[in-house]
Structures are given as structure tokens and as C-alpha cells.
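Here is a briefing for someone meeting this structure for the first time. Please look over the sequence and the model before reading on.

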Amino acid sequence: MSKSRLTIENSTSLEFENPMLMELLTVWRQKRCGRELPARNDFDPLELPADVWPHLVLIDVEGLEKARFRYRLLGSHIVDTLGRNATGRYIDEVQDPLDYDVFVEGFRQAISLRQPIRSTGNAIFVNKAWVTYESVILPLSPDDDLVNMLLVPAVFTGTQEPDAP
């Protein structure tokens, strides 16, 4: 059986190379307003600097036991880097099946730990070179109980050709 070619590190250590990610983590913390988790409705896009919008990804979380993830929103930085817009698509429909579990592991951690996760690494997308990225996975909950959405600002920092299989 083949294994994933992705190299992703997920961590609760929230030390970022990109200052924009720290700024968004700070906003997420402020939006909690005494709760464990903020809700999507707590965020007004007009409160965020315009240079952040292209880096935003919103992911719907569907189901409890074996959550399924759907791209609700992909910012233009993400779409331009990937060369396609997967808004409205389930991640398991667009991600290579060999890479899926590695790709969503950080999402699962953010949901189960109910806290932000820093994710970094190299990811490959269909017909694309390896892309180096840094992101923070921010869980959202409408009732401070069920995580129903993830806010995942991401910054792509470079590309390189993948090694031959």
C-alpha cells in the first residue's frame, strides 16, 4: 500500500513565522468573549484587514464521529496558488485519497482539542509542485459545544518540484 507524500506538522505551539497568522489568532481569542470557542457569526469580515481576505479558508464540519469537511470559502491567494476553486466541494472529493487523512489530521485535532492548531509543511496538489505553507486552524462553534466550522488562514511561501515517486 502506498503512503501519503504530504509532509505536514500540526502543533498546539502557536509560534508563527507569518505575523498575519498571529493577528488572526488574537482576533479569534478576542471573539470568544468569555466562551471556549467563538462562533462564525462573531466575525464581521469588514473588521478584518483587506489583505487578510485572500488568505482565508472557511471549512464546514459535517458529522460527529467521522467528520466530513467541505470548503465553504477559499480566498484568492489559495485559489491562485492551487490553480482551481474548490469552493462548495468536499475535501475528500478533491484531495488524493492517499493524502486525505494526513491532510485533515490538523482539522481533527482542532476539533477534538477545541483549540487552535498551527499547521506547517509541504503539500502537493493535483498537477502542482510542492507548496510550502503555514496556517492556523481555528475552531468555531455556534453554541460553544459543537464545532461546526473551521477558520483556516493560510500563507503559501514557496513551491518546488516534488521528488519522483
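Residues are numbered from 1 along each chain as its sequence is written, and side-chain values use heavy atoms, with hydrogens and water left out.

**Confidence**

- The protein chain has a mean pLDDT of 89, where pLDDT is the predictor's confidence in each residue, from 0 to 100.
- In this chain, 90% of the residues reach 70 or more.
- Among the elements, strand E6 (residues 149-151) has the highest mean pLDDT, 98.
- Strand E7 (residues 154-160) has the lowest, 77.
- Where pLDDT is low, the predicted coordinates should not be read in detail.

**Layout**

- The protein chain holds four helices and seven strands.
- Helices (H or I, at least four residues) and strands (E, at least two) are DSSP runs, numbered from the N terminus.
- Read from the N terminus, the order is β-α-β-β-α-α-α-β-β-β-β.
- Of the 165 residues, 47% count as buried.
- Buried means under 20% relative accessible area, exposed over 50%, and partly exposed in between (1.4 Å probe, protein chains only).
- Contact means heavy atoms within 4.5 Å.
- Among contacts with a separation of 6 or more, 56% join residues 24 or more positions apart.
- The chain exposes about 8,900 Å², and carbon and sulfur atoms supply 49% of that area.
- Accessible areas come from the Shrake-Rupley method with a 1.4 Å probe; for residues, only the protein chains shown count as cover.

**Nonpolar core**

- A nonpolar core is a set of buried Ala, Val, Leu, Ile, Met, Phe, Trp, Tyr and Cys residues joined through side-chain atoms within 4.5 Å.
- The largest such core has 49 residues.
- Those with the most contacts inside this core are Ile59, Phe69, Tyr71, Ile91, Phe107 and Leu150.
- Strand E5 (residues 130-140) gives the most to this core, with six residues.
- Beyond its neighbours within four places in sequence, Leu150 has contacts that include Ile59, Phe69, Phe107 and Ile137.
- In soluble globular proteins, nonpolar side chains tend to be buried together.

**Cavity**

- On a 1 Å grid over the protein atoms alone, a cavity is a set of points where a 1.4 Å probe fits but cannot get out; lining residues have an atom within 4 Å of a point.
- Grid points are joined across faces, edges and corners, and a volume is the space filled by probe spheres set on the points.
- By this rule there is one cavity of 30 Å³ or more.
- The largest cavity has a volume of about 280 Å³.
- Its lining has 20 residues, and Phe103, Phe107, Tyr133, Val152 and Ala154 lie nearest its centre.
- Elements that each supply at least two lining residues include strand E1 (7-11), helix H4 (100-113), E5 and E7.

**Positive phi**

- Most residues other than glycine have a negative phi.
- Arg114 has a positive phi of about 60 degrees although it is not a glycine.
- Arg114 sits in the loop between H4 and E4, and counts as buried because its relative accessibility is 18%.
- Asp144 also has a positive phi of about 60 degrees without being a glycine.
- Asp144 lies in the loop between E5 and E6, and is partly exposed at 27% relative accessible area.

- Leu37 is in the loop between helix H1 (19-31) and E2, and is buried at 0% relative accessibility.
- Leu37 and Asp144 are 107 residues apart in sequence, yet 5.5 Å apart C-alpha to C-alpha.
- Not counting residues up to four places away, Leu37 touches both Arg114 and Asp144, among others.
- Leu140 lies in strand E5, and is buried with a relative accessible area of 1%.
- Outside four places in sequence, its contacts include Trp28, Phe43, Leu58 and Met149.
- Leu21 belongs to helix H1, and is buried at 0% relative accessibility.
- Leu21 and Ala154 are 133 residues apart in sequence and 7.8 Å apart in space, C-alpha to C-alpha.
- Ala154 is also among the contacts of Leu21 beyond four places in sequence.

Terms used:
Predicted model: local features only at pLDDT ≥ 70, side-chain atom pairs only at ≥ 80, totals over all residues. 1 Å grid on protein atoms, 1.4 Å probe; cavity = no way out; pocket = protein on both sides within 12 Å on 5 of 7 lines; lining within 4 Å.
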